[in-house]
Amino acid sequence: YGAQTVNNKGHLEIGGMDSVLLADTYGTPLIVYDTGLFRSRARAFKRTFSDEGVPAQVAYASKAFSCMAIYRLAEEEGLSLDVVSGGELYTAIRAGFPAERIHFHGNNKSEEELRMAFEEGVGCIVADNFLEISMIGRLARGSSRRMDVLIRVTPGIEAHTHDYITTGQEDSKFGFDLNNGQADEALRRLSEIPEIRVLGLHCHIGSQIFDTEAFGLAAESLIGKMDSWRRERGFVCSVLNLGGGFGIRYTEEDHPLEPEEYVKSMIRTVKRTTEEASYPLPEIWIEPGRSLVGDAGTTLYRAGSEKTVPGVRHYLAVDGGMSDNIRPALYGARYSAALANRMDEPHDARYTIAGKCCESGDKLIEEALLPGVREGDLVAVFCTGAYGYAMASNYNRLPRPAVVFVENGEHRLAIRRETYEDLVRLDAEPATVGKEGI
Ligand code: LLP
């Protein structure tokens, strides 16, 4: 999983760093990102477009993992950025990410968030609904800057892993229906705002997708709409954004494609479909989140208590859980694990890895194979880099873990561990009632 190796002490190495040393230095739970892996994935996506001679933007969908350090890394790699809230936008700007490479998403952007997008001068706003279009209109008229806008549509193709469904209409809270006049009406209303330039269409058909077929169908249906706008209104789109959703390998059962393969297939379909319609080749934009950060992240936990339920299972509890990774509890997501300090020993004992939250469903892995665990062993759960820390909470008032970046044998802190003081920082002090008080 990822680029991990084992050193001569039998310890897991991540980015050339001994994981046991990292855990001793920063404490546990600890989320370790191999930033070299992030860079190589980012380069693979970008290189495939440039090799094929297709103008493109690869935007990191930062909902997968957002903090100033990852924004800085995305900027270094020449990525664009997908943000979905004022909070993500603020963090990106604070990290020095160039506003003109930021794409602002969201199905219920507030006027305040949109104003921030105008003031910062983001690269584009992805318009999602009619209320937003009227707010964009108000803000554009009062702004000195012209704003670029993409129209988000739901093409009636929904993909999940290897299944996809196509329907005339998608039951989704996001975007404008492509096929019942909503998208046309969105274009009409946006065209009435002189300060706005419509770049083109956007769709996102799902996440953790393993093949290319659904992306191809989505591209075809969006290009169909673009072509009809050209014929009916003389309007030509310069951008086709096909979203994110490229799958990664959490367990041996997952068989995703390489980043290059997703992109190549997408380019083939877009080239073929536009050539057939004699439509000028648009820029292709994509928004990978999980596939940039997912397998770059590994969580290190300290092994704690155990319990045998005779004939049923053997629990091993770790010092984190659903508070730092809610995906198993929320989606039944599956992960793989190993003992980071004893990688060279046979992993042949069956454990259910549980967290420390007060909830029976707080299990990270139903069936993990590890060596017979001893107190203080270091459990590594792989591929936790996407939607892990990003969805973490303080449930049970557990402080959120530290996040560290490693590359070429060097390590640096990306997010410090929360302290108990951090946990009460937002709490109002309880009113102190004096003896002579009420
Ligand atoms: N673009 C848009 C408009 C999106 O809504 C998303 C993800 C992405 C890009 C990035 O998709 P990715 O490449 O990461 O699959 N919390 C869930 C995943 C939610 C995905 C939401 N949208 C999980 O943990 O599986």
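Select Q57 and then W285: W285, in β16, is the bridge partner of Q57. Strands here are DSSP runs of E with at least two residues, helices are runs of H or I with at least four, and both are numbered from the N terminus. What you have open is a predicted model, in which local features need pLDDT of at least 70, side-chain atom pairs count only at pLDDT 80 or more, and totals for chains, interfaces and linings use all residues. Residues are numbered from 1 along each chain as its sequence is written.

Now widen the selection to β5 (residues 56–61) and β16 (residues 283–286). These strands run parallel and are joined by three bridges; two strands pair if DSSP finds at least two bridges between them.

Click L240 here, and its bridge partner in β16 is I284. How does the chain cross from β15 to β16? It passes through helix α9 (residues 259–276), and this β-α-β crossover is right-handed: with the strands pointing away from you, the path from the first strand over the helix to the second runs clockwise.

Stay on helix α9 and pick T273. Is T273 buried or exposed? T273 counts as buried because it has 20 C-beta neighbours inside 10 Å. The cut-offs are 20 or more other C-beta atoms within 10 Å for buried, 12 or fewer for exposed, and partly exposed in between, with C-beta atoms placed from the backbone. Leaving out residues up to four places away in sequence, T273 touches A219, E220 and I223, where contact means C-beta atoms within 7 Å.

Time for the ligand. It is surrounded by 20 residues, the closest being A61, S207, G244, G289 and Y387; a residue counts as near if its C-beta atom, placed from the backbone, lies within 6 Å. Colour α10 (290–293) and α11 (327–331), as each supplies at least two residues of this shell.

Finally, colour by domain, using bounds from an automatic or database domain assignment. Domain 1 is 5–29 + 297–384 + 401–419, and domain 2 is 35–293. Where they meet, 13 residues of domain 1 are in contact with eight residues of domain 2. On the domain 1 side, β23 (402–407) and β24 (410–415) give two or more residues, and β23 gives the most, with four.

Note on methods. Two residues are in contact if their C-beta atoms, placed from the backbone, lie within 7 Å.
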